[in-house]
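Here is a walk through one chain, taken a piece at a time. Keep the viewer open and follow along.

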Amino acid sequence: MIKYSLSCDCGKIFDSWFSSSSEYENLREKKLISCIFCESSSVKKSVMSPNLLSKTNKIDSKTKFQKDIKKQIIGFKKFIEKNCKNVGEDFPREARSIHYDKKKSQGIYGKATPKETAELIDEGIEVATIPWIDKTEN
Ligand SMILES: [Zn+2]
């Protein structure tokens, strides 16, 4: 006896026993194997170890996703460095002066602690935080 996991077009997977693999092929050709849920004969052997497969795929796509994010952040960082002024540690002060004095200014970027960032946002100042990746980290 041999046990196969069968999957149906309706999305269900169920186990079925056959005396041999050729019996399975035989029955399948004659469309004598039917889904125990919807009685359709569009059933086929499902992949032997679906859990392992999907797990591996997940890891791969996650790594790719992280790489894409990193690429985007590096691109964003380049854009900021080119178009905005680096004010370093002065960021909270500079951001306030632009906001309150209604100064016309190019964008600025710099460092702020999470607390300082929260205070700026509280005051209605538009601040975006992005993860900063060092180019050397590639
Ligand atoms: Zn079915």
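Predicted model: local features only at pLDDT ≥ 70, side-chain atom pairs only at ≥ 80, totals over all residues.

## Helix α3 and its surroundings

In helix α3, residues 91–100, the buried residues are Phe91, Pro92 and Ala95. Looking down the axis of α3, you'll find these buried residues within an arc of 95°, so they line one face of the helix. As a general point, an α-helix has 3.6 residues a turn, so residues three or four places apart point the same way.

What do the buried residues of α3 pack against? Their partners are β4 (85–88), β5 (108–110) and α4 (114–122). After α3 comes lysine 102, with a positive phi near 50°.

Mean pLDDT for the chain is 81, and 81% of the residues get to 70 or more. Confidence is highest in α1, at 91, and lowest in helix α2 (residues 50–83), where the mean is 69. Residues 49–54 have pLDDT below 50, and beyond near neighbours in sequence that stretch has one contact in the model.

## The overall layout

The chain has four helices and five strands. Starting at the N terminus, the order is β-β-α-β-α-β-α-β-α. Of the 138 residues in the chain, 7% are buried. As for contacts between residues at least 6 apart in sequence, 45% of them join residues at least 24 apart.

## The three-stranded sheet

Three strands make an open sheet, in the order β2-β1-β3, with antiparallel pairing. At the edges sit β2 (13–18) and β3 (43–45), each of which pairs on one side only. From one strand to the next, the twist averages 40°. In general, strands of a sheet pair through backbone hydrogen bonds, either parallel or antiparallel.

Take the β2 side to begin with. Strand β1 (residues 2–8) is joined to β2 by six bridges, and the two run antiparallel. Tyrosine 4 has serine 16 in β2 as its bridge partner, and serine 5 stands opposite aspartate 15 in β2. The two strands form a hairpin with four residues between them, and glycine 11 in the turn has a positive phi of about 100°.

On the β3 side, β1 and β3 pair antiparallel over three bridges. Here the bridge partner of cysteine 8 is valine 43 in β3.

## The nonpolar core

Which residues form the largest nonpolar core? There are five: Leu6, Cys8, Ile33, Cys35 and Val43. Cys8 and Val43, both in this core, are also the bridge partners across β1 and β3. Generally speaking, nonpolar side chains in soluble globular proteins tend to be buried together.

Setting aside neighbours within four places in sequence, leucine 6 is in contact with Ile13, Phe14, Ser16, Ile33, Val43, Lys44, Lys45 and Ser46.

Now move to the loop between β1 and β2, where cysteine 10 is found. Is cysteine 10 buried or exposed? Cysteine 10 counts as exposed because there are 12 C-beta neighbours inside 10 Å, and 12 or fewer is the cut-off for that class.

Cysteine 10 still has contacts from elsewhere in the chain: leaving out neighbours within four places in sequence, they are Cys35, Phe37, Cys38 and Ser40. The C-alpha atoms of cysteine 10 and glutamate 39 are separated by 9.8 Å, with the two residues 29 apart along the chain.

Most residues other than glycine have a negative phi. The loop between α1 (21–29) and β3 holds lysine 31, a non-glycine residue whose phi is positive, near 55°. Lysine 31 is exposed, since 11 other C-beta atoms lie within 10 Å.

Glutamate 39 is in the loop between α1 and β3 too. Its phi is positive as well, near 65°, and glutamate 39 is again not a glycine. Glutamate 39 counts as exposed because 9 other C-beta atoms lie within 10 Å.

Notes
Residues numbered from 1 in each chain as written. Buried ≥ 20, exposed ≤ 12 C-beta atoms within 10 Å, placed from the backbone. Contact = placed C-beta atoms within 7 Å. Pairing = 2+ DSSP bridges. Axes fitted to C-alpha atoms, helices over the stretch in contact; angles between N-to-C directions. Core = buried A, V, L, I, M, F, W, Y, C linked by C-beta atoms within 7 Å. pLDDT = per-residue confidence, 0-100. Arc of directions from axis to C-beta.
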